[in-house]
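Visitor: I would like to go through this model by question and answer. Please start with the terms.

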Amino acid sequence: MEVGLKMALKGGGGGDHVGGCEKEKMGFEETELRLGLPGGGGEGGEVVRKRGFSETVDLKLNLSSKPENSGIDPNDEKLTGLNKEKNLLLSAIDPAKPPAKAQVVGWPPVRSFRKNMLATASQKSSSDESSGAGEKVAFVKVSMDGAPYLRKVDLRMYTSYHQLSDALAKMFSSFTIGNCGSQGVKDFMNESKLMDLLNGSDYVPTYEDKDGDWMLVGDVPWEMFVESCKRLRIMKGTEAIGLAPKAVEKCKKRS
Amino acid sequence: MMNYFPDEVLEHVFDFITCHKDRNSVSLVCKSWHRIERYSRRRVFIGNCYSISPERLIARFPGVKSLTLKGKPHFADFNLVPYDWGGFVYPWIKVLAETGIGLEELRLKRMVVSDESLELLSKSFVNFQSLVLVSCDGFSADGLAAIAANCRFLRELDLQENEVDDHRGHWLSCFPESCTSLVSLNFACLKGEVNLGALERLVSRSPNLKSLRLNRSVPLDTLQKLLMRAPQLVDLGIGSYVHDPLSEASNKLKHAIQRCKSIMSLSGFLEVAPRCMSAIYPICGNLTTLNLSYAPGIHGNKLTKLIQHCRKLQRLWILDCIGDKGLGVVASTCKELQELRVFPSDPFGAGNDAVTEEGLVLVSAGCPKLNSLLYFCQQMTNAALITVAKNCPNFIRFRLCILDPVRPDPVTNQPLDEGFGAIVQSCKQLKRLSLSGLLTDQVFLYIGMYAEQLEMLSIAFAADSDKGMLYVLNGCKKLRKLEIRDCPFGNAALLEDVGKYETMRSLWMSSCEVTLGGCKTVAENMPSLNVEIINESGQTVFNLDEGQKVDKMYLYRTLVGHRKDAPESNQTYLKCRGDLTRSDHHEPSLNDMIKDMKLKNISGDDDFIISESNNFKLQSQLFEKEEAEIMILKWKRL
């Protein structure tokens with residue numbers, strides 16, 4: 001799950017799992033869990049709220065954009081006798097400005113399926129409307145057998161397999177040094193040697209496509225590759241035996 | 001008189017009675033009718049899959065051919081129910097298969113459907129014809145492949161808004177060449193690619209195909225080919241609709257669409273370039289149903305222009321980017337409109353484009369036949385609701401969702417009690433109501449007083465005290481489903497009349513004031529109810545103090561006790577105090593019994609559970625009164 005934009009407030013069962021990425025792409029601000037007085041006075045405290053509602057939304061008028069506010073203790077004494085406060089505050093509201101929206105689990109009551117569809121649809125339509133140069137990013141995970149951790153690359157940064165290959169080589173150079181023994185540092189400086197390493201029999205670049213199949217990198221045109229690549233794996237040569245023929249077979253079956 | 005007809009005649013008469021409610025009523029008239037109805041019943045509706053077991057279903061209706069099952073509570077749609085809560089269809093299919101039932105149709109809503117269940121389904125019922133899945137999850141394209149491959153006489157495969165893991169598109173290729181019986185195919189909710197060649201061939205060999213809804217991956221040229229092969233379509237869901245209006249492809253499409261003179265329902269446009277909409281103008285004049293709620297790409301002028309061509313529209317689903325002005329166009333164009341749904345184009349609630357009360361007032365003025373509404377809006381006023389109530393007294397469903405859930409009337413700063421009060425007072429046929437905005441106990445007083453036909457009520461962030469809930473429980477005699485979130489209703493309201501819940505399908509209360517002790521009291525006094533508690537805070541229910549509030553409570557009537565598939569975090573109680581078989585100390589009079597029956601709404605329910613209840617045994621007596629013979633039923637408690 002992408003980091004950074006968790007909208008869930010209370011622990012909330014199943015929360016709003018659509019959160020994260022889609023909201024980011026829709027240009028949503030960081031969660032501002034404010035509800036109530038428009039103009040957003042930071043002086044805190046009283047807000048328009050109902051009992052129960054306040055248990056799901058942190059109503060501290062924080063202007064900072066911390067995504068996670070501590071939930072209100074549901075047994076908080078302050079919540080009782082709210083009606084009076086509410087009536088007072090109602091008269092204080094400036095009806096011309098609508099209150100800032102707060103995010104509540106399960107509100108508005110729209111099926112998750114619909115939320116997801118609309119989120120995807122707006123991504124697509126905004127990228128259609130733009131000049132077609134593909135403004136969206138295409139970050140995919142890259143794993144290399146034997147490496148202790150994975151990396152991520154934005155495929156849209158490159159326009160050819162060659163460029164991607166270079167980038168990957170640089171990224172994973174630190175891991176291949178060990179294999180090169182004493183020649184290590186020299187080889188790192190020698191780009192072509194690295195390329196050979198990556199292109200040679202030791203490692204085979206493969207990718208997972210939209211159908212979930214593992215394919216050999218390089219068969220299809222670059223643009224098609226970018227569209228369908230979900231993640232990259234740089235396999236050890238020994239494991240990749242038989243991969244290429246299988247990939248071809250699958251293509252034949254599908255057409 | 002009726003007593004002297006042979007069974008076959010009665011059975012023939014009953015064939016004409018198709019509505020669930022009526023069949024349930026028929027079955028309660030007397031023993032012989034009960035028996036005849038039982039054996040001749042083909043379609044059964046079960047509103048809560050945990051209210052009865054498949055074994056008992058079959059024991060009662062051995063001839064069942066069509067089964068409708070609903071699983072998770074409605075609020076599961078909004079992520080309020082844990083994913084592992086339940087609602088599994090597999091046990092049903094297994095039992096039906098084992099007892100040799102000739103199942104032909106299965107309709108599921110909010111249930112967990114595994115690939116194994118689909119496979120078992122496809123292999124167990126030779127004459128299986130129709131599968132409809134709405135808001136279900138748990139299956140992948142492999143399950144669909146099994147259905148396609150094995151159901152030789154499949155007529156309908158209708159997938160609506162399901163979460164399907166479908167990264168493999170080969171399931172369409174699994175329809176054998178011999179399958180020519182398809183009438184309805186809807187895979188709009190699938191995200192993955194499908195084998196286009198297989199799709200074309202399938203459509204070509206399905207002369208009875210009337211309804212076809214494609215997903216996003218089906219490109220324009222395929223659409224054009226499909227339309228050429230299926231000009232008899234009545235219902236079309238377009239997947240991808242992106243083309244250059246000046247191109248040859250666009251011309252071909254126009255020509256293909258024009259041949260489809262029978263299309264009355266149009267939906268989809270999951271990917272759309274709005275300048276291409278003119279190609280479908282030729283068929284707009286015939287449309288009675290239009291669903292653009294997944295097409296945020298169509299808005300502004302293009303949208304209103306499109307709608308201006310749709311004069312016969314009865315059902316319209318759109319996004320709020322239509323705006324109040326756009327709704328004005330709807331009001332002046334769609335005089336036959338009965339159902340309107342306006343969804344938020346930004347479902348995360350920012351509501352920048354949202355509609356307001358103005359749009360709704362315009363539609364109510366222009367569309368007098370309006371009877372069903374789902375309206376997500378920025379704001380609402382009492383004045384507007386009062387006007388709407390006056391203009392449209394025929395509402396059966398009225399669901400209003402103000403994006404800010406506690407927003408008062410922005411003009412007067414008052415709660416929306418009076419507005420909703422006007423709605424329930426004016427709309428005497430109202431069966432379903434969803435409230436939002438700032439609301440006090442007053443609105444519930446109105447609902448209890450006026451909403452006599454109300455069957456389902458959804459409440460969120462409303463009321464001041466237990467009184468609100470009590471007004472509803474006491475007043476709404478036909479209430480079947482009550483779902484409440486974030487309201488100050490506690491044990492006093494919950495426990496006032498626990499017998500009432502036996503007349504209802506279910507009650508949901510989350511983030512209210514109800515405590516564990518309150519829930520336990522219900523469970524201990526009502527063996528016919530399951531009381532389930534879902535606690536999010538990580539504490540198991542056993543660790544809860546009786547005085548502690550429960551996060552979520554879901555209670556429902558059942559004839560089969562607590563379910564065995566509940567996840568551990570979710571506890572159901574069935575501890576009953578004393579004897580299950582309480583006996584009455586006196587025989588109630590006939591009038592009392594009939595009155596009691598009316599109060600318990602026994603004959604008005606589409607759910608056959610009430611009539612199946614163990615607590616009653618039927619006795620029928622025939623009285624003669626003047627020239628007429630009257631059959632009276634006499635109830636006797638076990």
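Guide: Buried means under 20% relative accessible area, exposed over 50%, and partly exposed in between, with a 1.4 Å probe and protein chains only. Helices (H or I, at least four residues) and strands (E, at least two) are DSSP runs numbered from the N terminus. This is a predicted model, in which local features need pLDDT of at least 70 and side-chain atom pairs count only at pLDDT 80 or more, while totals for chains, interfaces and linings use all residues. Residues are numbered from 1 along each chain as its sequence is written, chains are lettered from A and ligands numbered from 1 in the order in which they are written, and side-chain values use heavy atoms, with hydrogens and water left out.

Visitor: Which residues does B:Leu507 contact, leaving aside its neighbours within four places in sequence?

Guide: In soluble globular proteins, nonpolar side chains tend to be buried together. B:Leu507 is among the residues that touch the most other members of the largest core. Its contacts, with neighbours within four places in sequence left aside, are B:Met469, B:Leu482, B:Ile484, B:Leu494, B:Tyr501, B:Met553, B:Tyr554 and B:Leu555.

Visitor: Is β18(B) enclosed or open, and how many of its residues are buried?

Guide: In a regular strand the side chains alternate between the two faces of the sheet. On one side of β18(B), B:Met456, B:Ser458 and B:Ala460 are buried, and on the other B:Leu457 and B:Ile459 are buried as well. The strand is therefore largely enclosed by the rest of the structure, with a buried count of five of the five residues.

Visitor: In β19(B), what is the bridge partner of B:Ser458?

Guide: Two strands pair if DSSP finds at least two bridges between them. Strand β17 (residues 432-434) of chain B pairs with β18(B) in the parallel sense over three bridges, and there B:Ser434 has B:Ser458 as its bridge partner. Strand β19 (residues 481-485) of chain B runs parallel to β18(B) and is joined to it by five bridges. In β19(B), the partner of B:Ser458 is B:Glu483.

Visitor: What is the handedness of the crossover from β18(B) through α18(B) to β19(B)?

Guide: A crossover is right-handed if, with the strands pointing away from the viewer, the path from the first strand over the helix to the second runs clockwise. β17(B), helix α17 (residues 441-450) of chain B and β18(B) make a β-α-β unit that is right-handed. The β-α-β crossover from β18(B) through α18(B) to β19(B) is right-handed.

Visitor: What is phi of B:Ala463?

Guide: Most residues other than glycine have a negative phi, and most peptide bonds are trans. B:Phe461, in the loop between β18 (456-460) and α18 (466-475) of chain B, has a positive phi of about 50° although it is not a glycine, and is buried with a relative accessible area of 0%. B:Ala463 lies in the loop between β18 and α18 of chain B and counts as buried at 4% relative accessibility. Phi of B:Ala463 is positive, near 75°.

Visitor: What is omega of the peptide bond from A:Trp107 to A:Pro108?

Guide: A:Pro108 is in the loop between α3 (82-92) and α4 (112-129) of chain A. The bond from A:Trp107 to A:Pro108 is cis, with omega near -5°.

Visitor: What is the ipTM of the complex?

Guide: The pLDDT is the predictor's confidence in each residue, from 0 to 100. Chain B has a mean pLDDT of 87, and 86% of its residues reach 70 or more. Over residues 574-588 of chain B the pLDDT is below 50, and this stretch has 18 contacts in the model beyond near neighbours in sequence. For the complex, the predictor gives a pTM of 0.72 and an ipTM of 0.85.

Methods
Contact = heavy atoms within 4.5 Å. Core = buried A, V, L, I, M, F, W, Y, C linked by side-chain atoms within 4.5 Å.
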